[in-house]
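Me: I have some questions about the terms used for this model. Please set each value against its definition.

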Amino acid sequence: MVSIIVPVYNVEKYLEDCLKSLVNQTYKNIEIILVDDGSVDESGEICDKWAEKDGRIIVYHKKNEGVSATRNFGIQKARGKFLMFVDADDMLVLNAIECLVEKMVEKNAELVVCKYQSHEYQKWVNKSDLKVKKVSPNVYLQEIMVPDRNIAAFVYNRLYLTQIVRKNNIRFNQNVRVCEDTLFNYEYMKLVKQIVFIENALYFYRINVDSTMFQKKMNPAKLTANIVFDKMLFDAEKIEDKKIIAVGCIAYNVILLMQMYKYKWKDKNDYKNVKKHLKIYPIEFMKSRIKFKYKIGYWFLLCLPTPR
């Protein structure tokens, strides 16, 4: 069985589209765990209504604690051999789970990852058109840190083994507001060897311009991403892995520092901490496939004085 964890918070506008894409999956052996994180709109009622119509839907209502705590709650409730996360405003291709499970079993994989897309929802993918390949943990880490395949570091376009998550107590860090997915995926990656990429989009991602990640203005929550990078750099045993992590860390902090200067962020300690993260393996950053404009921005930002 596949356990699908769906954190729900004030998504009444899109929730039913998401649920339709889940209950109509061609792979029927699923449980849909809807965790209402204290919604103040009609989301909770929509969850209850759908649970009455489909016995595979289990609804939990709790106080608002944020997406990390909500996903962790769902992990504790999951009963399936396989584990998925779906955002409540997104949709799956209707045979997505069938494709993911088949490749997990066929390739004897411990993790299956697919592409996502955010332009036009396609209901089906032709299985004969699937492009599948095994990748090393090193290649996977590069995709997490410097995305190049529309796979990135999200958790929603992946199929995990519940046993690995539970046995190793892999959970979302509730002190992190940005890049919490990255840390979860890194901790899972360290424990597996067989990783499969499906080079087809099986997940429709609806871009939420109000989310912390996509806000162009400076937000203090964005500073918490460095908790993730520090943990990953500390845990990485291979220098090669540290360098890959550092490239993503520097790229993130270049953009963050640009926003801090633009919006006149006041905390001097935050400037010092962010600039400290620009000095980890800078040569690897310059040699990477990061866009040239960010490399120019890197040197410019290092020269700028901290605002008074």
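Me: Which residues lie nearest the centre of the second largest pocket, and how many residues line it?

Reply: This is a predicted model, where local features need pLDDT of at least 70, side-chain atom pairs count only at pLDDT 80 or more, and totals for chains, interfaces and linings use all residues. Residues are numbered from 1 along each chain as its sequence is written, and side-chain values use heavy atoms, with hydrogens and water left out. The lining has 15 residues, and Pro 137, Met 189, Lys 190, Lys 238 and Asp 241 lie nearest the centre. Two or more lining residues come from each of helix H5 (137–145), helix H7 (180–189) and helix H9 (239–262); helices are DSSP runs of H or I with at least four residues, strands runs of E with at least two, numbered from the N terminus.

Me: What makes a space a pocket and not a cavity?

Reply: On a 1 Å grid over the protein atoms alone, a cavity is a set of points where a 1.4 Å probe fits but cannot get out, whereas a pocket is an open set with protein on both sides within 12 Å along at least five of seven lines. Lining residues have an atom within 4 Å of a point.

Me: Why is the pair of Tyr 60 and Phe 73 called edge-to-face?

Reply: Rings of Phe, Tyr and Trp (its six-membered ring) pair if their centres lie within 6.5 Å, and planes under 30 degrees apart count as stacked, over 60 as edge-to-face and the rest as tilted. Here the centres are 5.3 Å apart and the planes stand at 70 degrees, so the pair is edge-to-face. Tyr 60 is in strand E3 (residues 57–62) and Phe 73 in helix H3, 13 residues apart. The structure holds 20 aromatic pairs.

Me: Which residues of H3 and H7 meet?

Reply: Val 67, Ser 68, Arg 71 and Ile 75 in H3 meet Glu 180, Asp 181 and Phe 184 in H7, contact meaning heavy atoms within 4.5 Å.

Me: With which residues is Asp 235 in contact, leaving aside neighbours within four places in sequence?

Reply: Asp 235, in helix H8 (residues 225–235), is in contact with Tyr 186 and Lys 190. The C-alpha atoms of Asp 235 and Tyr 186 are separated by 9.9 Å.
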